[in-house]
Amino acid sequence: MTTSFGLFSLLLLLTLPDFTLSRASIPNQRTVSRAQNGVVGTELWCVAKNNAEDAALQSALDWVCGPGAADCGPIQNGGPCYDPHDIQATASFAFNDYYLKHGLSDDGCFFDNTAALTSLNPSHDNCKFPSSLNVNNGSVSSLSAAGGLGSSEGISGCSQIAQQLFWPVITGHMFMLLTQIISQ
């Protein structure tokens, strides 16, 4: 019993450095949820509702790109989000920009009930939508609409945990197996 306890202690001491090394070797990846100042946030976008009437979307789009002062450059002719045949996608980009610049409140994503918040990334092709996690003190991080965000890309939290724990767990099991074989 004392021998197996001693070997278990040895196993624990050998596994801990492996755990910290494997953790340090993993690059810091962005994930959909992350902590900021101790608070976990969820990535959100403001998009046009599927059931919104085209005329109501156009009216809201006219306001948000005019008096609302959203950055509508990417949805203009030649921009990466320009699509004259998809008012919903066009309005979504403008609504999202306004929402990000105006406090991330529910009121900032209403537009006469034509918009709603979603956790599904509406980015498509070269049109990349910044998310609520790209806002810092009321200003959107310097991201171009054509650039990749990376927030929803990369490895998931589950993959990170698996990478961090796989080798220490396998190593620990191997040592425990060897301990059992030696003690018999």
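Reader: In which helix does leucine 178 lie?
Author: This is a predicted model, and the assignment refers to its coordinates. Leucine 178 falls within residues 157-183, and that run is helix α4.

Reader: Is leucine 178 buried, partly exposed or exposed?
Author: The relative accessibility of leucine 178 is 44%. Buried requires under 20% and exposed requires over 50%. The value lies in between, so leucine 178 counts as partly exposed.

Reader: What is the area of the nonpolar surface patch that includes Leu178?
Author: Besides Leu178, the patch is made by Ile170, Met174, Leu177, Ile181 and Ile182. A residue needs over 30% relative accessible area to join a patch, and leucine 178 is at 44%. The nonpolar surface made by these residues comes to about 580 Å².

Reader: What pattern does the protein chain follow along the sequence?
Author: The secondary structure comes to four helices and six strands. Read along the sequence, these elements give α-β-β-β-α-α-β-β-β-α.

Reader: What share of the contacts with a separation of 6 or more comes from residues 24 or more positions apart?
Author: A contact here means heavy atoms within 4.5 Å. Among contacts in the protein chain with a separation of 6 or more, the share from residues 24 or more positions apart is 72%.

Reader: What percentage of the residues in the protein chain is buried?
Author: The protein chain has 184 residues. Its accessible surface comes to about 11200 Å², and 57% of that surface belongs to carbon and sulfur atoms. Of the residues, the buried part is 32%.

Reader: How many residues of α3 are buried?
Author: Helix α3 has 15 residues. The helix is mostly covered, and the buried count is 13 of 15.

Reader: How far apart are the end C-alpha atoms of α3?
Author: The expected span of a helix is 1.5 Å times one less than its number of residues. For the 15 residues of α3 this gives 21 Å. The model agrees with that expectation, because the end C-alpha atoms are apart by 21 Å.

Reader: Which residue meets lysine 101 in a salt bridge?
Author: Side chains of opposite charge can pair when their charged atoms come close. A search of the whole structure finds one salt bridge, with an N to O distance of 3.1 Å. Both residues lie in helix α3, four residues apart, about one turn of the helix. The partner of lysine 101 is aspartate 97.

Reader: Is aspartate 97 buried or exposed?
Author: Lysine 101 has a relative accessible area of 36% and is partly exposed. Aspartate 97 is at 10%. The cut-off for buried is under 20%, so aspartate 97 counts as buried.

Reader: Which glycine takes a positive phi just after α3?
Author: The phi in question is about 85 degrees. The residue that takes this angle is glycine 103.

Reader: What is the phi of phenylalanine 111 near?
Author: Phenylalanine 111 is in the loop between α3 and β4, and it counts as buried at 10% relative accessibility. Its phi is positive although the residue is not glycine, and the value is near 50 degrees.

Reader: What is the phi of alanine 69 near?
Author: Alanine 69 lies in the loop between α2 and α3. At 53% relative accessibility, alanine 69 counts as exposed. This is again a residue other than glycine with a positive phi, near 60 degrees.

Reader: What is the relative accessibility of threonine 114?
Author: Threonine 114 is found in the loop between α3 and β4. Its contacts beyond four places in sequence include Val47, Ala56, Leu57 and Phe95. Threonine 114 counts as buried, with a relative accessibility of 4%.

Reader: How far apart in space are leucine 57 and phenylalanine 95, C-alpha to C-alpha?
Author: Leucine 57 lies in helix α2 and is buried, with a relative accessible area of 1%. Among the residues that leucine 57 touches are Phe95 and Thr114. Leucine 57 and phenylalanine 95 are 38 residues apart in sequence, and their C-alpha distance is 10.0 Å.

Reader: How far does the backbone nitrogen of leucine 120 lie from a polar atom of the side chain of threonine 118?
Author: Threonine 118 is in strand β4 and is buried, with a relative accessible area of 18%. Away from its sequence neighbours, threonine 118 touches Glu43, Leu44, Trp45 and Val47. A polar contact needs N or O atoms within 3.5 Å, and the distance to the backbone nitrogen of leucine 120 is 3.0 Å.

Notes. Residues are numbered from 1 along each chain as its sequence is written. This is a predicted model: local features need pLDDT of at least 70, side-chain atom pairs count only at pLDDT 80 or more; totals for chains, interfaces and linings use all residues. Side-chain values use heavy atoms; hydrogens and water are left out. Helices (H or I, at least four residues) and strands (E, at least two) are DSSP runs, numbered from the N terminus. Buried means under 20% relative accessible area, exposed over 50%, partly exposed in between (1.4 Å probe, protein chains only). A polar contact is a pair of N or O atoms within 3.5 Å; within protein, one must be able to donate a hydrogen and the other to accept it, and residues adjacent in sequence count only if both atoms are side-chain atoms. Patches are made of residues with over 30% relative accessible area and no salt bridge: like charges are joined within 9 Å, nonpolar side chains (Val, Leu, Ile, Met, Phe, Trp, Tyr) within 5 Å. Accessible areas come from the Shrake-Rupley method with a 1.4 Å probe; for residues, only the protein chains shown count as cover. A salt bridge is a side-chain nitrogen of Lys or Arg within 4 Å of a carboxyl oxygen of Asp or Glu.
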